[in-house]
Every structure is written in C-alpha cells, then in structure tokens.
Amino acid sequence: MIKKIIKRIISKVRVEKLYPIKIPVMEGSFLKGKTAFISGGAGGIGFAIAERFIANGADIIISGRNKEKLKAACKKLGSNAHYVVLNLDNPENFDEVIFSIIPEFCSKIDILVNCSGIHGSSNFWDVTPLEWDEVMNVNLKGMYFLSQTFGKYFKKNQIAGHILNISSASALKHGKTPYEISKNGVRTITLGMAEEMIKFGIVVNCLAPGPTATSMLNMTNTSSLKWSGNPTGRVATPEEIANWAVLMVSDMGNYIVGDSFYVTGGSGTICIDR
C-alpha cells in the first residue's frame with residue numbers, strides 16, 4: 001500500500017533536467033586552422049567555449065590557477081586541448097608564460113578569450129577592501145593586461161587576431177558591488193581596446209551573458225533551468241553562450257568592433273534589476 005502511494009506521488013512530480021530545451025550547437029569549420037587561448041577555460045562558460053571552438057576546428061589552450069582542474073578539463077576536451085597555469089593577479093608574468101607556450105603547443109595564437117571571473121558579495125554593506133581587490137584584480141586588471149600582452153603579440157606578428165571579453169548582464173545594472181562595477185568596466189575597456197587595436201586589424205568585442213547554469217549560480221548538470229526573475233523563465237545553458245562566442249571570433253565577426261553583445265533572456269535589458 002505504501003509503495004503504491006509513493007509511486008503515485010512520484011508519477012505526479014515533474015522532474016526537470018538541466019536541458020529540458022533543445023539547444024542547437026555550432027559545429028563546422030568556422031575556426032579551422034586557428035588556435036585560441038581561453039583564460040578561465042576549465043569550467044562553466046569557458047569550458048563550453050573550449051568545446052565549441054574545438055568542434056569548429058580550433059586548437060585551444062586553457063588557463064587558470066588550479067592545475068588539477070585544468071588537467072581534468074583537457075582530458076575531457078581531448079588532444080586538441082592544452083593548458084597552462086596562469087595567475088591573473090600577477091600581470092608581470094604574462095609575457096614569460098604566454099610566449100613560452102607558443103613554440104611548445106602551436107605555431108601561433110589567433111584568438112584570446114578573457115573568461116576568468118569571480119563574483120564576490122551581492123550586498124553593498126558586506127563588501128570589504130580585500131574582496132574589492134580580489135574581484136577587480138581578476139575581472140578587470142587581469143583581463144586588461146592579458147589583452148595588452150596578446151595585443152602586442154598580434155601587432156608584432158601581424159596577426160589579425162580576435163579578443164573576446166566575457167562580461168555579464170550585470171554590466172547594465174547600477175554599480176552597487178565590485179562585480180557589477182567590474183562588468184561595467186569590461187564594457188568600456190572593450191571600447192577602448194577596440195579603438196586602439198582595430199587599426200592593426202585586431203578585432204575586440206565583448207559577450208555579456210545573463211544568468212547561466214554554471215557553478216557561479218551554484219548550478220550543476222542536474223539543476224533545473226528555471227529562473228523566475230528572467231523574462232524567459234529560465235537561465236541559459238553554457239552551450240548557448242558558447243555558440244555566440246564562436247561567431248564573434250570567426251571571420252563572421254570581423255565587422256563587429258568594440259561591441260558588447262548581450263545574450264540575457266531579457267535579464268538586464270527588459271528587467272534591469274534582475
């Protein structure tokens with residue numbers, strides 16, 4: 001009797017999977033012959049971008065602080081993936097690290113994706129100076145100087161490279177927290193770098209996702225996509241964001257310059273506070 005009751009309850013419970021919707025993925029030769037460097041490529045959106053880049057013909061190098069996490073990610077990604085340990089808090093080491101890996105892994109690098117980012121407190125009253133520095137060092141300082149390093153490399157070697165900064169719909173919000181302020185900063189830095197680099201054939205743009213099913217939102221591959229604050233009623237999948245990254249660093253993105261492309265489901269655009 002009890003078993004029947006339990007079965008009846010279970011049959012009425014709708015169990016939502018992470019992918020209750022069908023997400024098309026970009027696969028082809030959009031990035032054939034290209035090599036991309038992806039900071040923060042071991043998890044979340046960065047990992048999804050690495051997967052889509054490889055599926056479109058690219059070789060990739062991912063970076064981060066955690067060597068074991070990087071190794072595990074490369075094992076999943078396959079033989080087209082390599083990794084390098086890189087701490088964005090130490091821009092002084094960027095030249096040494098980046099230029100030492102080029103002869104080891106590839107003949108040249110064509111694409112930089114700045115995907116490293118940390119969130120921090122969501123409450124203005126709880127922010128500490130230490131937290132401010134941690135968020136700004138990764139989300140702005142590290143991104144700025146890594147882009148500078150690659151910009152000089154592209155310029156010196158006459159590579160018509162692409163730099164794609166991963167921002168957030170939070171760039172459209174008021175700057176109450178270091179995260180929101182840093183993402184506002186990414187938008188304006190993208191414009192400045194684009195202005196400086198386009199004269200050398202280097203294309204700089206920004207991709208700004210809304211809420212996405214990653215560990216930043218404490219979501220896993222068994223979580224629901226439901227998100228009541230978003231006009232679409234859900235969060236994005238990392239693959240949705242990665243599709244747009246492929247387009248923006250491919251030749252189809254050559255005429256998009258200094259733009260911030262928002263993929264938010266309406267969060268930050270229709271609903272500016274969500």
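In which hand of crossing, left-handed or right-handed, does helix 2 pass helix 7? I found that helix 2 passes helix 7 in a right-handed crossing; a crossing is right-handed if the near helix is turned clockwise from the far one by less than a right angle, and left-handed if anticlockwise.

A note on the source: I am reading a predicted model, where local features need pLDDT of at least 70, side-chain atom pairs count only at pLDDT 80 or more, and totals for chains, interfaces and linings use all residues. Residues are numbered from 1 along each chain as its sequence is written, and side-chain values use heavy atoms, with hydrogens and water left out. For helices I rely on DSSP runs (H or I, at least four residues), numbered from the N terminus.

**Helix 2 and helix 7**

I looked up residues 44-55 (helix 2) and residues 238-249 (helix 7): their axes come within 8 Å and cross at roughly 55°. Axes here are lines fitted to C-alpha atoms over the stretch in contact, with angles from 0 to 180 degrees between N-to-C directions. That angle makes helix 2 oblique to helix 7 (under 35 degrees is roughly parallel, over 145 roughly antiparallel, 65 to 115 roughly perpendicular, and the rest oblique). Among the residues in contact (heavy atoms within 4.5 Å) I noted Ile45 and Phe53 of helix 2 and Ile241 and Val249 of helix 7. The contact residues divide into 10 nonpolar, two polar and three charged; Ala, Val, Leu, Ile, Met, Phe, Trp, Tyr, Cys and Pro count as nonpolar, Asp, Glu, Lys and Arg as charged, and the others, Gly among them, as polar.

**Helix 2 and helix 3**

Next I turned to helix 3 (residues 67-77), which packs with helix 2 at about 30°, the axes 11 Å apart. The two are therefore roughly parallel. On the helix 2 side I found Phe47, Ala50, Glu51 and Ile54, which meet Ala73, Lys76 and Leu77 of helix 3.

I followed helix 5 along residues 129-156: its 28 residues reach 38 Å from first C-alpha to last, close to the 40 Å expected (1.5 Å times one less than the number of residues). Where does helix 5 bend? I found a bend of about 45° at Asn137, taken as the angle between axes fitted to the seven residues ending there and the seven starting there. Just after helix 5, Gln158 has a positive phi of about 55°.

Helix 4 (residues 94-105) comes within 10 Å of helix 5, axis to axis, and crosses at roughly 45°. I noted this crossing as right-handed.
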